[in-house]
Amino acid sequence: MENQIRALEQKIEQLSKHIGILEDIHAIRRLQHIYGYYIDKCLYEETVELFSENCEVRFMGGIFKGKAGARRLYIERFQKNFTNGVNGAVYGFLLDHPQLQDVVDVAPDGRTAKARFRSLMQAGRHELAEGETRQWWEGGIYENEYVKEDGIWKFKVLNYRPLWHADFAKGWAHTPPNLYQMFSETYPENPLGPDELIKPTPVLWPETDVVPFHYPHPVTGEIWGK
Amino acid sequence: MENQIRALEQKIEQLSKHIGILEDIHAIRRLQHIYGYYIDKCLYEETVELFSENCEVRFMGGIFKGKAGARRLYIERFQKNFTNGVNGAVYGFLLDHPQLQDVVDVAPDGRTAKARFRSLMQAGRHELAEGETRQWWEGGIYENEYVKEDGIWKFKVLNYRPLWHADFAKGWAHTPPNLYQMFSETYPENPLGPDELIKPTPVLWPETDVVPFHYPHPVTGEIWGK
Amino acid sequence: MENQIRALEQKIEQLSKHIGILEDIHAIRRLQHIYGYYIDKCLYEETVELFSENCEVRFMGGIFKGKAGARRLYIERFQKNFTNGVNGAVYGFLLDHPQLQDVVDVAPDGRTAKARFRSLMQAGRHELAEGETRQWWEGGIYENEYVKEDGIWKFKVLNYRPLWHADFAKGWAHTPPNLYQMFSETYPENPLGPDELIKPTPVLWPETDVVPFHYPHPVTGEIWGK
């Protein structure tokens, strides 16, 4: 009978781990979706608090390091450029940033995780708002890393690769090459620049590449890039 | 040995609750996604059956109460306006209403839940169909409540906030302010109106605000609006 | 005490099944989402490996049978038409194919499953790329079947119904009827054709119909089409 009890204990321990992984998957999807809702509304203070102290934000060819780097990007750059220093939605500025198509994979020890998401953004400034009237679509891929600290999942690496932009009137078939410049100068030379540059420099549409998949092929097990 | 067994029973009871919450999350996502597929196809009879008797539907500044209110909105208003009284898809009418980016939170007792979703709608009437030719994009947020009755999850409060509309040709940078009127008169004075008006009246693009988050910040725990 | 232990064993067995279903749901969402990311990048070799040997692909009025049929569609047709024989993304060709709004239902025995998904596609060829400059939106529904083989979920039936196409400039209100022809000739008469034709032939926008739901109404239990 002691053996039976020991077997039950082991079985329960095993189930408990499976449940933990499922809960982690939900927590990570929830984190990423909540992030998207904050970005929609230019809630950059709330956004920065989603990151671990030792985080990285990868964006437009640059790596912003630690929470100081994240603040430089979200608060000093985006908040200044998009909402004139306001933390939150302003009149006539749209930045809807849906978070879609999760592939979340938690490490066996349940302490870190990787996930792929995508976005299909609607952005622009209304003709009645102050500033340049613009409107565009944007498609992009996230390949992120997460860390669980004191039971709470946070962003460890937020790696966003905008893949294409399309002016609302003209569309993606007519996007000028090199519409946006990747970062080429680091902080502090560029006071709002990244701490490091990504090499090789990511490409933009109409150039294409594959943002590497963090997961092996689910049937063949083949690892991407091998 | 009795102690060991009692400990196992307690552990199993605890795991069982965790599994129940995970199953509830899936059931609620499933309900909301199924709702979206019915709305796509103007299946308003099927839609109304997703609601609890004591439901509310919040839409365009009005609160429609109970299943009678839901029928007034979906059957008497939408079905008449969109499909000429038909329950189901009609020639040349598009109302694709994707359900995206769930943040589902189940109450500890497993009997009620709240969830945020978003939609990015493609709508309009084809030039070959009877009626006015139109085509537009729409972005909106759901902040809903759900109730489990006899083991089945239903809508308790469906709260849809359309945030912006964009004519297909002109885009969101050129949407006229006050393109749509919020409800200003209740039922029965307005025979297809809501039972109550939402105060303050919700705004429409190019005005912006934040549809309150039902959840606290996932890292700081700060409650929205406090 | 033996009775208590037997009761615990049964309870654990039951929980284990519930956890298994939740894990299957995640595995199937993951499969479908990974499929979408491969399709985005024209990774047709990787796509075909997601299918069971006895699969079917249903597309544009045709049924492609077995992996040989899947290869005919993805490798011989799509890869030739879209990327000039290359397995992977090419300059100036866009085929972003998001996978959204899952309704996944696993059979009680955990060996097969059905799921509904949708896509909202952004597709086209850039003006600087070789070939015809085009750009369009596409909305479509998946109603798929899956099979678990040696613990790995694969596609058994991939059933994609494109519902509407919209030229980027003109929109869905002005899509010509019969913009695309359904398959009308089978393999080998049509060397890139399907093994069988779907009857009745599916319709395209501005005609509309309902892709049958694999699930009963979640509240009334009514089976679709009965």
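How much area do chain B and chain A bury between them, and what percentage of it is on carbon and sulfur atoms? In this predicted model, chain B and chain A bury about 4500 Å² between them, with 68% of that area on carbon and sulfur atoms. The legends below take the views one by one.

**View 1. The contact of chain B with chain A, seen by its residues.** The contact draws 50 residues from chain B and 54 residues from chain A. Within chain B, the residues that lose the most area to chain A are Gln101(B), Arg118(B) and Trp172(B), which together make up 15% of what that side buries. One of these residues, Arg118(B), also joins its side chain to that of Asp40(A) in a salt bridge, with 2.9 Å from N to O.

**View 2. Polar pairing and elements on the side of chain B that touches chain A.** Across the interface of chain B and chain A there are 4 salt bridges by the rule applied, and the count of residue pairs in polar contact, both at pLDDT 80 or more, is 22. Helix 1, strand 4 (100-106), strand 5, strand 6 and strand 7 of chain B are the elements that give two or more residues to this side. Helix 1 of chain B supplies the largest share, 12 residues. Sorted by class, the side of chain B that touches chain A holds 30 nonpolar, 10 polar and 10 charged residues.

**View 3. The contact of chain B with chain C.** Here the contact takes 54 residues from chain B and 50 residues from chain C, and the area buried between chain B and chain C is about 4500 Å², to which carbon and sulfur atoms give 68%. The rule finds 4 salt bridges across this interface, among them the one in which the side chains of Asp40(B) and Arg118(C) meet at 2.9 Å, N to O. Across the interface of chain B and chain C there are also 22 residue pairs in polar contact, both at pLDDT 80 or more. On the side of chain B that touches chain C, at least two residues each come from helix 1 (2-40), strand 3 (93-96), strand 5 (112-125), strand 6 (134-149) and strand 7 (152-167) of chain B. The largest share of that side, 20 residues, belongs to helix 1 of chain B, and the residues of the side as a whole divide into 28 nonpolar, 12 polar and 14 charged.

**View 4. The surroundings of His33(C).** His33(C) lies in helix 1 (residues 2-40) of chain C, where His33(C) is buried, with a relative accessible area of 2%. When neighbours within four places in sequence are left aside, His33(C) is in contact with Gln101(A), Asp102(A) and Val103(A) of chain A, and with Gln99(C) and Phe117(C) of chain C.

View 5. Over all chains, the structure holds 0 disulfides. The sulfur of Cys42(A) has its closest cysteine sulfur in Cys55(A), and because the two are 20 Å apart, they are too far from each other for a bond. Cys42(A) is buried, with a relative accessible area of 1%. In chain B, Cys55(B) is in no disulfide, and the nearest cysteine sulfur, that of Cys42(B), is 20 Å away. Cys55(B) is buried as well, with a relative accessible area of 2%.

Methods
Residues are numbered from 1 along each chain as its sequence is written. Chains are lettered from A and ligands numbered from 1 in the order in which they are written. This is a predicted model: local features need pLDDT of at least 70, side-chain atom pairs count only at pLDDT 80 or more; totals for chains, interfaces and linings use all residues. Side-chain values use heavy atoms; hydrogens and water are left out. Contact means heavy atoms within 4.5 Å. Buried area is the accessible area (1.4 Å probe) that two parts lose on being put together, summed over both. A polar contact is a pair of N or O atoms within 3.5 Å; within protein, one must be able to donate a hydrogen and the other to accept it, and residues adjacent in sequence count only if both atoms are side-chain atoms. Helices (H or I, at least four residues) and strands (E, at least two) are DSSP runs, numbered from the N terminus. Ala, Val, Leu, Ile, Met, Phe, Trp, Tyr, Cys and Pro count as nonpolar, Asp, Glu, Lys and Arg as charged, and the others, Gly among them, as polar. A disulfide is a pair of cysteine sulfur atoms within 2.5 Å. Buried means under 20% relative accessible area, exposed over 50%, partly exposed in between (1.4 Å probe, protein chains only).
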